Amino acid sequence: MFAFGIDFITRVAVMTDPASREKAEWPPHPARVFMALVAAHYDSKPLPEDGAEAATAWRQERAGLEWLEKQGAPEMSWPEVASRDVVKVYVPVNDASVTQSPERVKEAEMRSALGVMPDQRSRQERTFPAVFVDGEDPKCFVHLIWPNAEPSGGLLGSLESLAEKVIRIGHSSSLVRMWVELKEKLPVRIHAPSFKPTKTRRGLQLRVPAQGFLADLEQRFNASEIDAFFDLSEKISTTKGKDSKQAKADFAERFGTEWSRSASAPVRQRPSAGFTAHYGPKDEPELAVVPSPFDPDLLVLTKQEGPVLGLESTAALTAALRGLLLQDAEGKPEWFTGHSAPGVASTGGHMALLPLAYVGGEHADGHIMGLAIAFPRSVSALERSKCFRGRLFNPHGEDLDLELQMGSLGVWTVRREERSSPPLALRPINWTEPSTVWASVTPVVLDRHPKHDQRTERVQWLEEVVAGITQSCERQGLPEPELIDVDKTSWHLGAPRSRPGPSGMPWLPGKEGSALRQQVHVLIQFPCEVEGPILLGAGRFRGYGLCKPLGFRTK
């Protein structure tokens, strides 16, 4: 085992989250700790007069860093913290400059040249997000742990020496003491990087080092090129004759341009960690995931041409697609047609048609971007391809364009989605990711007409509706919900209300002469995670009752 211990000695950690300058980073990401080690390594680079022994020790530290980046993401433990209010401050900028030949400064440039003076420098807005670290020693320490790593004696000594050189992690005011831990007894609450995130269990996504990270940092810092630029520039300016000519030739060869006093020095790039890992409590038992009766591998059909339609047009779209698919469907299996015999509805599972709309985002408006076909899990990929050959693709496997005729709504052309990175609404995971909390996007059509009146007997009506939705879940093999909430408005932004009217969903067309069924939006919390798609109610095969993971636990 090998570990680093970190003590924020002022009990204040000043680190900016890479995703937002208004938020403090906590815990310190392993990649940030690695960068602090690299900075300490280069800050202590020996000079030639320090001797061969110092140079050898410095090279051994680099070998230690190369070994460390190969060990992968560490396990971590960290204390609780309290956030500090983020205050905007205005600080003088450090990048003001003047020409290298002050005697040639024009009068018009004088004001800009004076910008290097402390009282003349402009000020820019900055934030310094920070957290207060709670607890007393040793409960306030941060640990990075590699349980299976064992550095050799030489590398261990170098890493111990390097850790002692680290004086800050993050901002210069974020002072730390850092050391190597070798004892087996470490904090009980350990977070591991092997955590598997789901919709309701995200964990923490932290930047981590990986092999090649040290070389990337060196390349971005660009020290050798910058040093060479200024060394050659100084040599050209301070020498004459053959030496100056040779220095100019060396400059042109290295930088690909002739030297001049106005030449710009090479730049440094901000460090960036390209690898991340999801952290969660180690050895925490995984929640059971219950599958829905539908396969999460949806067949997605993307709109190619046609008018913009909202979720209010769901019934027309799914009816047009169903009609097209079932042309000449005689002899097709029950899961495909939805009928066990001509005119006899199937009592088992069959394919369902879903509208894929832009919902849930800040600017979501509910417009449908495509359709999806959900299959019963028992139907194999081979069976599916046999039924859809000649409908979605030709005998050679080439995709076909489908024209959906919807009367006054117009015509849509759809095609099977094949892009590697389609919009989020067209990705099956957006509708099927395991979650404990689901909410309807299109309203659930009640299987039965409630006996109680919604307006005069609200409590009894609600109990009856909740009981019906519970039964609908159980009939599909889903766990009994812990909580069901019912409303006219969806919990997903952009979804229409459950009833006809402005921004509302029309009644699902029923059989001629039959009474229209009531429609409601639902929020369901299960005792465990459920994998979608989840389709509920009497209209579940026609695009109504489509639910989407909500992504948080209710209270």
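Which backbone nitrogen lies 2.8 Å from a polar atom of the side chain of Asp295? That of Asp297 does. The structure is a predicted model, in which local features need pLDDT of at least 70, side-chain atom pairs count only at pLDDT 80 or more, and totals for chains, interfaces and linings use all residues. Residues are numbered from 1 along each chain as its sequence is written, and side-chain values use heavy atoms, with hydrogens and water left out.

**Overall architecture**

- The protein contains 12 helices and 27 strands; these are DSSP runs numbered from the N terminus, with helices (H or I) of at least four residues and strands (E) of at least two.
- Of the 555 residues in the protein, 43% are buried; buried means under 20% relative accessible area, exposed means over 50%, and partly exposed lies in between (1.4 Å probe, protein chains only).
- Among contacts in the protein with a separation of 6 or more, 77% are between residues 24 or more positions apart, a contact being heavy atoms within 4.5 Å.

- Asp295 is located in the loop between strand E15 (289-291) and strand E16 (299-305).
- Because its relative accessible area is 16%, Asp295 is classed as buried.
- The side chain of Asp295 makes a polar contact of 2.9 Å with the side chain of Arg384; a polar contact is a pair of N or O atoms within 3.5 Å, where, within protein, one must be able to donate a hydrogen and the other to accept it, and residues adjacent in sequence count only if both atoms are side-chain atoms.
- When neighbours within four places in sequence are left aside, Asp295 is in contact with Phe375, Pro376, Arg377, Arg384 and Pro533.

**Salt bridges**

- The protein has 18 salt bridges, each defined as a side-chain nitrogen of Lys or Arg within 4 Å of a carboxyl oxygen of Asp or Glu.
- One of them pairs the side chains of Asp137 and Arg11, at 2.6 Å from N to O. Asp137 lies in the loop between strand E9 (130-133) and E10, and Arg11 in the loop between strand E1 (2-8) and strand E2 (12-14), so this pair ties together parts that are 126 residues apart in sequence.
- Asp137 is partly exposed at 46% relative accessibility, and Arg11 is partly exposed at 22%.
- A salt bridge of 2.9 Å, N to O, joins the side chains of Lys282 and Glu75. Lys282 is in the loop between strand E14 (276-281) and E15, while Glu75 is in strand E5 (residues 75-77), so the pair ties together parts that are 207 residues apart in sequence.
- Lys282 counts as partly exposed at 35% relative accessibility, whereas Glu75 counts as buried at 12%.
- Arg377, which is also in contact with Asp295, forms a salt bridge with Glu531 through their side chains (2.9 Å, N to O). This pair links distant parts of the chain, 154 residues apart: Arg377 is in the loop between strand E20 (368-374) and helix H10 (381-388), and Glu531 is in strand E26 (residues 519-531).
- Arg377 is partly exposed at 33% relative accessibility, and Glu531 is partly exposed with a relative accessible area of 21%.

- One cavity of 30 Å³ or more is found in a search of the whole structure; a cavity is a set of points, on a 1 Å grid over the protein atoms alone, where a 1.4 Å probe fits but cannot get out, and its lining residues have an atom within 4 Å of a point.
- The volume of the largest cavity is about 50 Å³, a volume being the space filled by probe spheres set on the points, with grid points joined across faces, edges and corners.
- Its lining consists of Phe4, Pro30, Val33, Phe34, Leu37, Leu68, Pro74, Leu144, Trp146 and Pro209. Helix H1 (30-43) and strand E10 (142-146) are the elements that give two or more residues to this lining, and H1 provides the largest share, four residues.
- The lining has 10 nonpolar, no polar and no charged residues; Ala, Val, Leu, Ile, Met, Phe, Trp, Tyr, Cys and Pro count as nonpolar, Asp, Glu, Lys and Arg as charged, and the others, Gly among them, as polar.

**Val445**

- Val445 belongs to strand E24 (residues 444-445) and is buried at 2% relative accessibility.
- The C-alpha atom of Val445 is 7.8 Å from that of Leu536, although the two residues are 91 residues apart along the chain.
- Not counting residues up to four places away in sequence, Val445 touches Leu508, Arg517, Gln518, Gln519, Gly537, Ala538, Gly539 and Tyr544.

Methods
On a 1 Å grid over the protein atoms alone, a cavity is a set of points where a 1.4 Å probe fits but cannot get out, and a pocket is an open set with protein on both sides within 12 Å along at least five of seven lines; lining residues have an atom within 4 Å of a point.
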